[in-house]
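Hi everyone, thanks for having me. Let me put today's chain on the screen, and then we can walk through it together.

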Amino acid sequence: MRRVFGAKKKQEPPPTIQDATDRINKRGDTVDEKINKLDSELARYKEQIKKTRPGPAQEALKARAMRVLKQRRMYEGQRDMLYNQTYNLDQVSFAAEGLKDAQQTMTALKTANKELKGMMKTVKIQDIDSMQDEMMELMDVSTEIQESLGRSYNVPDDIDEEELMGELDALEADMGAESESSVPSYLQPDKEPDLDAELNLPAAPMGYVPGRQNVQAEDELGLPSVPRASLRG
């Protein structure tokens, strides 16, 4: 049967956006190489035109330069067209990648939603509320037990606080007096001595000098004066 009807050819998969982009980029590289080659020829013709005198030879060089320039513009148009195609493919690729990301996000959200629903079936808010109430009751019972265990024995309830405060003040006053009396004299702060009271000296008499009753008179130079009678004799 295969010999009569022939074998069925395998269909090649359609090209992807990336394949089309790579192919266009290769064509663009080829066009760029051709443009660079034409630029080199134009530069060479330009130098030859400068060195050639006006005449038929210069006109022939100008004609060749014009032909090369036309080819260059044609290749530049093709390159711009290829750039536009590449830009369009990039936009489509970007949109496709965005859709793939959206699909993955939706799949992840659906999976998470399904898992949350399964978890919510095992957890009920009524059970949580009842558990919280039981915990509060247990905490109250624990507090009552601690207060009962910490209660003091043989302590009357009808104690006057003012009376206790008076006893405390009196106790503090007694303790202060005992602390002052218990300090030795050498540790007590020194008092400034009263020098006048310790010396108790009598006041000196005015106009009287002891031991100077018979004081000899002195002259104006501070020397003992000689009596006049002795000078006469």
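First, a word on the ground rules. This is a predicted model, so local features need pLDDT of at least 70, side-chain atom pairs count only at pLDDT 80 or more, and totals for chains, interfaces and linings use all residues. Residues are numbered from 1 along each chain as its sequence is written, and side-chain values use heavy atoms, with hydrogens and water left out.

What is the chain built from? It has seven helices and zero strands; here helices are DSSP runs of H or I with at least four residues, strands are runs of E with at least two, and both are numbered from the N terminus.

How much of the chain is buried? Of its 233 residues, 8% count as buried. Buried means under 20% relative accessible area, exposed means over 50%, and partly exposed is in between, using a 1.4 Å probe and protein chains only.

Now please find helix α2, residues 17–51, and helix α3, residues 56–122. They pack at an angle of about 160°, and their axes are 8 Å apart. The axes are lines fitted to C-alpha atoms, for helices over the stretch in contact, and angles run from 0 to 180 degrees between N-to-C directions. α2 and α3 are therefore roughly antiparallel; that label is for angles over 145 degrees, while under 35 is roughly parallel, 65 to 115 roughly perpendicular and the rest oblique.

Which residues make up this contact? They divide into 18 nonpolar, 10 polar and 11 charged. Nonpolar covers Ala, Val, Leu, Ile, Met, Phe, Trp, Tyr, Cys and Pro, charged covers Asp, Glu, Lys and Arg, and the others, Gly among them, are polar.

Let's zoom in on Y45, which sits in helix α2. Is Y45 buried or exposed? Y45 is buried, because its relative accessible area is 11%. Leaving aside residues up to four places away in sequence, Y45 touches L61, R64, A65 and V68, where contact means heavy atoms within 4.5 Å. Y45 and V68 are 23 residues apart along the chain, and their C-alpha atoms are separated by 9.6 Å.

N36 is in helix α2 too, but N36 counts as partly exposed, at 49% relative accessibility.

Last stop: A60, in helix α3. A60 is partly exposed, with a relative accessible area of 36%.
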